[in-house]
Amino acid sequence: MPKLDDPLLIFTDVDGTLMDSHTGEWQAAAGWLSHLREHDIPVILCSSKTAAEMVALQKMFNLQGLPFIAENGAVVQLDEAWHEDENYPRLMNGAPHDEVARVLNTLRETHGWKFTSFSDLDESVLAEVTGLPPAQAALAKLQEASETLIWRDSDAQMAAFDDALSGLGLRFVQGARFWHVLDERGGKDQAVNWLTQRYKHYSGVNFTTIGLGDGPNDAPLLDSVDYAVVVRGLNREGVTLRHDTPERVYHTELEGAAGWREGLNQLFGASSLAQT
């Protein structure tokens with residue numbers, strides 16, 4: 001099992017994992033976030049949210065300056081110390097948002113598939129749909145390399161839609177509440193692996209990686225790390241991993257931030273936190 005004195009990187013999903021999807025509650029994780037910060041262990045947010053949303057979340061969690069992975073891996077923010085990196089400050093994986101949106105509009109017009117994209121909605125309607133305050137809904141519309149969909153068609157039509165996207169070099173990703181379309185060159189797994197290599201490049205150290213997530217779109221993240229925590233979620237399909245062994249993967253009993261805390265207690269021991 002990992003130790004807090006090891007060179008560690010922690011990659012975590014946000015909605016349903018580090019915070020409650022509906023209430024936004026995250027204080028159950030506050031103790032561990034503070035403890036990890038004291039040990040200089042980076043906590044790297046990894047979400048379907050936009051970069052603008054992630055910057056605001058980093059400020060709330062006191063994680064400013066660290067890398068983050070936005071839009072399911074289509075956008076990667078670099079560490080603020082990596083000024084000389086050729087990709088600084090932000091790496092974009094694949095096609096930009098406007099190109100993805102054009103492809104989706106063409107497919108909808110051609111095949112009649114029923115879906116609504118975030119781009120179709122103004123901020124007030126999007127706030128109603130997502131339950132976000134209007135200001136946060138505005139940030140959710142600032143997608144740079146993906147598009148978010150509200151699927152309104154059958155499962156059979158979804159399968160045909162997925163096939164069409166694959167043929168065009170795009171991937172269709174299920175989130176906690178919505179669906180996301182991005183370039184196949186993006187993905188949480190590619191982003192995690194790329195950032196881990198960047199950390200090794202700048203430090204000369206091999207890092208042990210830990211991932212936490214609760215939904216199907218977190219599986220690539222959780223399959224890419226050394227240790228994984230599957231936080232109990234609301235998705236009926238759960239999370240299917242390639243190597244789901246007790247030595248590598250822990251499934252929590254609790255949901256959201258409480259489950260996040262439970263997972264770290266399991267990895268490091270609850271006494272590690274109690275001693276602070």
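The model is predicted: local features need pLDDT of at least 70, side-chain atom pairs count only at pLDDT 80 or more, and totals for chains, interfaces and linings use all residues. Residues are numbered from 1 along each chain as its sequence is written, and side-chain values use heavy atoms, with hydrogens and water left out.

**Helix α2**

- Helix α2 spans residues 51-61; helices (H or I, at least four residues) and strands (E, at least two) are DSSP runs numbered from the N terminus.
- Its buried residues are A51, E53, M54, L57, Q58 and F61, where buried means under 20% relative accessible area, exposed over 50% and partly exposed in between (1.4 Å probe, protein chains only).
- Seen down the axis of α2, these buried residues fall within an arc of 145°, so they line one face of the helix; the arc is that of the directions from the helix axis to the C-beta atoms.
- The cover over the buried residues of α2 includes α1 (30-38), β2 (43-46), β3 (68-70), β4 (75-77), β5 (90-92) and α5 (134-140).

**Nonpolar cores**

- A nonpolar core is a set of buried Ala, Val, Leu, Ile, Met, Phe, Trp, Tyr and Cys residues joined through side-chain atoms within 4.5 Å.
- The largest such core has 62 residues, of which F11, L36, L45, F61 and W260 touch the most other members.
- Apart from this core lies another, of 15 residues, among them W113, L165, F172 and V181.
- Leaving aside residues up to four places away in sequence, F61 touches L18, M19, W26, L33, R37 and L45, contact meaning heavy atoms within 4.5 Å.

**Packing of α1 and α9**

- Helix α9 (residues 256-268) packs with α1 at an angle of about 45°, their axes 9 Å apart.
- Axes are lines fitted to C-alpha atoms, for helices over the stretch in contact, and angles run from 0 to 180 degrees between N-to-C directions.
- That makes α1 oblique to α9; angles under 35 degrees count as roughly parallel, over 145 as roughly antiparallel, 65 to 115 as roughly perpendicular and the rest as oblique.
- W32, L33 and L36 of α1 meet W260, R261, L264, N265 and F268 of α9.

**Backbone exceptions**

- Most residues other than glycine have a negative phi, and most peptide bonds are trans.
- D40, in the loop between α1 and β2, has a positive phi of about 55° and is exposed at 68% relative accessibility.
- N72, in the loop between β3 and β4, has a positive phi near 60° and is buried, with a relative accessible area of 3%.
- Y88 and P89 are joined by a cis peptide bond with omega about 5°, and P89 is found in the loop between β4 and β5.
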